Amino acid sequence: MAAIYSLFIVNKSGGLIFYKDYGSAGRMETNDSLRLASLWHSMHAISQQLSPTVGCNGIDLLQADTFDLHCFQSLTGTKFFVVCEPGAQHMEGLLKVIYELYTDYVLKNPFYEMEMPIRCELFDLNLSQAIQKDRVSLFGR
Amino acid sequence: MVSLSAFAFLFSELVQYNQTRVDNIAELERRLEDAGYAVGARVLELLCHREKGNRRETRLLGILSFVHSTVWKVLFGKVADSLEKGTEHEDEYMISEKELLVNRFISIPKDMGTFNCGAFVAGIVKVRMGYDLAVFHWLFVTSISSNWPKLNKLLFLEKGVLDGAGFPAVVTAHFVPVEGQHRPRTTILIKFAEEVLQREARLG
């Protein structure tokens, strides 16, 4: 019973660099996930133009019947978004934690090329620990 | 005091810079070791003056514990996790660390095999081992290097620098898998040259 269904990381040009799914709902093939990532990237950009409020930074939250989508965009344009069950709490905090893990274990890794798919063992390890901790605290509430 | 992040980025750049200039992994390790060597030479001048009042280490265990405690403390803020004597060979000693500071954020890609960025630290340790003669050589070399830059490189990097008054050794960094832990432990393996052991035996 996971609160999170999947996690996407999209680079500044809209390409998918990381995709992880947790739980059977919404499991996707590689091509589908790539398509979804670039779709979201475009929507995010368009929403900035369309928004009636001044200084809009794009879509933060998308709510649907069966899922919620929380998005966090860093200052550099890298987007972290997570698809979770409706009404899941504290996703913003989780996204910030994941961003921190990204800066630590991906950006400080000399073997990682910018904008390329993430293949860092330490990132995967710490990410699953963070998700696990989040799940545990979810049940605790 | 420098922030860990700043150092991590700088070290990452150092590795990337060298990666573009080498053809294979062994050379990359060598380059990292040499970079560490340069750091070691400077740090240890400072340390010997500060900590030990210009006293010179002549015994094997003395120098090993110096590296294990004092040098590690200054560089990484803590003493190394353990210092062990090798069981297979007389001339091998190991300094182990659960996670080397330089490796903390680095994930080695699978296709690089057993490469370890700890080679940088191995270079630092290597300098300590060959300290005394290295000092004289270093001073000698830097004084003539302006005239003969090629000669400088040769003298500085060749093993010959470490022979003699110091404790010449081959120093390498290895990953040692540990059960119950995801990440392998890092071990700096120090293999002393024959003459060091002979001298130890002579000194009793």
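**Ground rules.** The model is predicted, so I took local features only at pLDDT of at least 70 and side-chain atom pairs only at pLDDT 80 or more, while totals for chains, interfaces and linings use all residues. Residues count from 1 along each chain as its sequence is written, chains are lettered from A and ligands numbered from 1 in the order in which they are written, and side-chain values use heavy atoms, with hydrogens and water left out.

**Entry 1: the count.** I looked up salt bridges, meaning a side-chain nitrogen of Lys or Arg within 4 Å of a carboxyl oxygen of Asp or Glu. Side chains of opposite charge can pair when their charged atoms come close.

**Entry 2: Lys78(B).** I found Lys78(B) bridged to Asp81(B), at 3.4 Å from N to O. Lys78(B) is partly exposed at 33%. Asp81(B) is partly exposed too, at 45%.

**Entry 3: Lys191(B).** Which side chains does Lys191(B) meet in salt bridges? One is Asp91(B), at 3.4 Å from N to O. I placed the two with DSSP runs, numbered from the N terminus (helices: H or I, at least four residues; strands: E, at least two). Lys191(B) sits in strand β4 (residues 185–192) of chain B, and Asp91(B) in the loop between β1 (82–85) and β2 (92–97), 100 residues apart. Lys191(B) is partly exposed at 32%, whereas Asp91(B) is buried at 14%.

The other partner I noted is Glu92(B), at 3.5 Å from N to O. Glu92(B) lies in strand β2 and Lys191(B) in strand β4 of chain B, so this pair ties together parts 99 residues apart in sequence. Glu92(B) is buried, at 11%. I also logged a network: salt bridges with shared partners join Lys78(B), Asp81(B) and Glu97(B).

**Entry 4: Asn116(B).** Is Asn116(B) buried or exposed? I have it as buried, at 0% relative accessibility. Asn116(B) is placed in the loop between β2 and α4 (119–129) of chain B. A polar atom of the Asn116(B) side chain lies 2.7 Å from the backbone nitrogen of Gly118(B). I then listed contacts (heavy atoms within 4.5 Å). Leaving aside neighbours within four places in sequence, Asn116(B) touches Glu29(B), Asn103(B), Ala173(B), His174(B), Phe175(B) and Thr186(B).

Conventions: Buried < 20%, exposed > 50% of the residue type's maximum accessible area, 1.4 Å probe, protein only. Polar contact = N/O pair within 3.5 Å; in protein donor to acceptor, adjacent residues only side chain to side chain.
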